[in-house]
Amino acid sequence: MIELESALFDDIVVILVAAGAGGLVARLVRLPPIIGYLVAGAVVGPHALGLITHLEDVQTLAEFGVVLLLFAVGVEISLTDLRRLGWRVLVASAGQISLTIAVGYGIGTALGWDARASLVAGMALSLSSTMVALKTLNDRGELGTLHGRMAAGMLLVQDLAFVPMMAVIAALGGEGDSLARELVVSAAKAAGILAVVLFVGSFGLPWLLKRVALVGARESFVVTVMAAALGAAALTSWAGLSAPLGAFVAGLVLSESDWAGRRALSEVIPVRDVFAALFFVSLGMLTDVDFLASHLGEVALFIGASIVVKLFLIHTLTRAVGYLPDTAARTSFLMIQIGEFSFIVAGTAVALGVASEELLLLIITAAVVTMGITPGFVAGASRALTSLRARSTFFERHLAGAAGAEAALARAPALQGHVIVAGYGRVGALIVQDVRRLGLPYIAIESDPAIISREFADDASLIYGDATNDAVLTAAGVQNARLFVAALPEHVSALVAVQHARRLNPQVRIVSRAAWEEEARELEKAGADAVVWPELEAALEMTRLSLLDVGVAKPVVEELVEEARAELGEWASYDESPHDEH
C-alpha cells in the first residue's frame with residue numbers, strides 16, 4: 001500500500017512538472033496551454049518515455065479537473081441566458097446528433113464494420129468535448145457571447161443524449177430486457193436526479209454558502225463549495241449521466257445567486273486549474289503513436305469527418321433556427337472535436353462485445369488530435385472570418401444581418417436625432433426602457449433572435465443584426481443619430497462598434513461600458529465620449545451614501561466624489577466638446 005501511494009505520488013509529481021513545462025513552452029510560442037499539456041502527456045505517457053506507472057489512478061484524479069472546470073464554467077454562464085435559447089438549441093442539437101450518427105454509421109459501413117459497431121462509431125462521433133470547448137471559450141473571454149451561450153447549450157444537450165446512447169448500447173449487447181424499457185428507466189432516473197440538483201442548487205446551496213461565509217472560516221467555505229460540486233457530480237454519475245454534467249448544472253443554478261456564485265468561483269479557480277492541467281496531461285498519455293502510424297488512413301478519416309461534418313451541420317442548423325451566419329460559424333468552430341465521453345461510449349461497446357478494440361483506439365486517437373487542434377483552429381478561423389467580413393462587401397452585409405436590419409427599418413419612418421442602443425441584454429433593455437419613457441426616438445440593435453422574437457416581433461425599433469458591422473449601423477441610421485450607446489457585454493465587440501460609429505458619424509455622442517480601466521482607456525481612444533466602469537461607479541456611490549449617512553454636507557460629498565473620479569480615471573467624466581477631430 002505504501003509502495004503504491006509512493007508510486008502514485010511520483011506519478012503526480014512527474015505530471016505536474018510536465019504540465020508546467022508544457023504550458024510554459026506553449027505560451028512562449030503563443031499556443032494555448034491545452035496543446036502544451038497534451039504534448040507533455042504524450043511524452044511522459046506509456047507510449048513514449050513511460051514515466052507514469054499508475055495511469056488508471058492518475059486518470060481517476062484527473063476527473064476532478066473535469067468536474068471542477070465545468071462547475072466553474074457553469075457559474076460563469078448565466079442560466080437565464082441559456083433559457084432564452086429555448087427550442088432553438090434543442091432543435092439544432094437534436095439535428096446535429098442524429099445526422100452525425102448517420103454519417104458515422106456510413107463511415108463504419110464503408111470500413112466493413114457490422115451495423116452495431118457502425119452505430120457506435122456514429123454515436124461517438126456525434127459528441128463534442130464540453131471540457132475543451134468551454135475551456136477555449138473561457139480562455140478567449142467569450143463565455144458570455146451569443147455563440148458561447150449557444151455552444152454551451154448544445155454541449156449540454158449532447159451530455160444529456162449520452163443517457164439514451166448508453167441504453168442503446170446496453171440493448172445491443174444484450175444487457176437490457178428491451179430498448180424501450182432501458183430508455184424509459186434511464187430518462188426517469190436522469191430527470192429525477194437533475195430535478196434534485198436544480199432544486200438544491202437554486203435554494204439550498206446559496207443559503208448554505210451564505211451561512212458558512214458568515215462564520216468567517218475561509219477553509220470551511222472552500223470545502224463546502226468543493227463538496228457541492230463533487231456531490232452534484234456523484235448524483236448524476238449514479239443516475240447514469242456524466243459526472244461533470246451534474247457539476248455544470250450545479251454551477252449554472254448557482255450563477256443565479258450573484259454573491260454566492262462569484263465567491264464560490266473565486267475560491268475554486270486555483271484548485272480547478274491544477275486538476276484541469278492534470279486531466280489534459282492524462283488525456284495526452286492516451287496517444288499511441290504506433291497505432292496512429294499503422295492506422296493513419298482510418299484516424300484521418302475520423303478526424304476529417306468530425307471537423308467537416310460538425311462544421312457543416314452545426315452552422316447549417318444554427319442558421320436554420322434563426323441565428324446570424326457569423327454566430328452560426330463561431331458556434332461550429334468550437335465543436336469540431338470528438339468528446340471525452342465518446343471514450344465511454346466506445347469503451348462500453350467494446351466491453352459488451354458490440355465493437356472491436358480497434359474502434360476504441362480509433363476514437364481515442366482521433367479525439368486527442370481534434371481536442372488538441374481546437375483552440376488554435378478557433379483562433380485562426382475566427383481571425384479569418386473577421387478578415388473576410390472586413391474585405392468583402394457580400395460578407396459584410398450578410399454575415400451581420402444587414403439585409404434584415406434594412407428590411408425592419410423599411411417599416412419605420414426615417415429617423416433624425418435618435419438614440420441607438422447596441423445590445424439589448426440586461427443593461428441595454430434598462431436603457432431602452434428609460435429612453436422610451438422620455439418619448440425619445442430610438443433604435444436598438446440585437447443579434448439574439450430569441451430576444452427579437454420575444455420582445456419586438458413586429459416592431460422596427462428593435463432590429464436584428466451585428467452592431468460591429470458598418471452596414472447594420474448604417475441601416476440603423478447612425479449617420480443621423482444623436483446618441484450611440486454601446487451596451488455590449490464583450491469588450492472587443494464594444495470597441496469595434498464604437499470605432500465604426502465614430503467613423504460613420506464624427507458628431508454622434510458615444511457612451512460605452514467597460515469591465516476594467518484598461519478597457520475604458522481603449523474605448524476612449526476609439527472615440528467614446530463617456531465610458532462607465534461599473535465597479536468604479538459602485539464604489540463612488542457607496543462612498544457618497546456613506547458620507548451622507550454620517551452627516552457630511554452634500555456639497556462636500558459631491559466634491560469629494562468628483563475628485564475621486566478624476567483621480568481614478570479621467571475617462572470617467574463626460575466630454576462636452578464635439579468630436580470634430582475624429
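User: Which residues of α9 are buried?
Analyst: In this predicted model, the buried residues of α9 are Phe221, Val222, Thr224, Val225, Met226, Ala228, Ala229, Ala232, Ala233 and Thr236.

User: What span should α9 have, and how far apart are its end C-alpha atoms?
Analyst: Helix α9 covers residues 218–238, which is 21 residues. At 1.5 Å a residue it should span 30 Å, and the end C-alpha atoms are 30 Å apart, so the two values agree.

User: And α22, what about its span?
Analyst: Helix α22 runs over residues 491–504 and has 14 residues.

User: Which residues of α22 are buried, and what covers them?
Analyst: His491, Ser493, Ala494, Leu495, Ala497, Val498, His500, Ala501 and Arg502 are buried in α22. Their cover includes the helices α21 (470–475) and α23 (517–526), together with the strands β4 (483–486) and β5 (509–513).

User: Turning to the sheet, what is the strand order?
Analyst: The six strands form an open sheet in the order β3-β2-β1-β4-β5-β6, with parallel pairing. From one strand to the next, the twist averages 20 degrees.

User: Which strands stand at the edges?
Analyst: Those are β3 (462–464) and β6 (530–532). Each has a single partner strand, so one side of each has no neighbour in the sheet.

User: How many bridges does β3 share with β2?
Analyst: Strand β2 (residues 442–446) pairs with β3 over three bridges, in the parallel sense. Within these two strands, Ile445 stands opposite Ile463 in β3.

User: What about β1, which way do its side chains point?
Analyst: Strand β1 comprises residues 419–422. Val419 and Val421 point one way, Ile420 and Ala422 point the other way, and all are buried. In general, side chains in a regular strand alternate between the two faces of the sheet.

User: How many bridges join β1 to β2?
Analyst: Four bridges join β1 to β2, and the two strands run parallel. Val419 stands opposite Tyr442 in β2. Between the two strands the chain passes through helix α19 (residues 426–437), and this β-α-β crossover is right-handed.

User: And how does β1 pair with β4?
Analyst: Strands β1 and β4 also pair in the parallel sense, over four bridges. Here Ile420 stands opposite Phe484 in β4.

User: What does Val419 touch?
Analyst: Leaving aside neighbours within four places in sequence, Val419 is in contact with Val435, Pro441, Tyr442, Ile443 and Leu483. Val419 has a relative accessible area of 7% and is therefore buried, the cut-off being under 20%.

User: How far is Val419 from Ala444?
Analyst: The two are 25 residues apart in sequence, and their C-alpha atoms are 8.3 Å apart in space.

User: New topic: how many aromatic pairs are there?
Analyst: The structure holds three aromatic pairs. One of them is formed by Phe279 and Phe280, with an edge-to-face arrangement, 5.2 Å centre to centre and 70 degrees between the planes. Phe279 is buried at a relative accessible area of 5%, and Phe280 is buried at 1%.

User: What is the geometry of the Phe333 and Phe377 pair?
Analyst: That pair is edge-to-face, with 6.1 Å centre to centre and 85 degrees between the planes. Phe333 lies in helix α14 (residues 325–334) and Phe377 in helix α16 (residues 357–391), so the pair ties together parts that are 44 residues apart in sequence.

User: Are those two buried or partly exposed?
Analyst: Phe333 counts as buried, at 11% relative accessibility. Phe377 is partly exposed, with a relative accessible area of 26%.

User: Where is Thr130, and what does it touch?
Analyst: Thr130 is in helix α6 (residues 130–140). Its relative accessible area is 2%, so Thr130 is buried. Not counting residues up to four places away in sequence, Thr130 touches Leu70, Leu155, Asp159 and Glu340.

User: Finally, how many helices and strands does the whole protein have, and what share of residues is buried?
Analyst: The protein has 25 helices and six strands. Of its 582 residues, 53% count as buried. Among contacts between residues at least 6 apart in sequence, 74% join residues at least 24 apart.

Conventions:
Residues are numbered from 1 along each chain as its sequence is written. This is a predicted model: local features need pLDDT of at least 70, side-chain atom pairs count only at pLDDT 80 or more; totals for chains, interfaces and linings use all residues. Side-chain values use heavy atoms; hydrogens and water are left out. Rings of Phe, Tyr and Trp (its six-membered ring) pair if their centres lie within 6.5 Å; planes under 30 degrees apart count as stacked, over 60 as edge-to-face and the rest as tilted. Buried means under 20% relative accessible area, exposed over 50%, partly exposed in between (1.4 Å probe, protein chains only). Two strands pair if DSSP finds at least two bridges between them. Axes are lines fitted to C-alpha atoms, for helices over the stretch in contact, and angles run from 0 to 180 degrees between N-to-C directions. The expected span of a helix is 1.5 Å times one less than its number of residues. Contact means heavy atoms within 4.5 Å. A crossover is right-handed if, with the strands pointing away from the viewer, the path from the first strand over the helix to the second runs clockwise.
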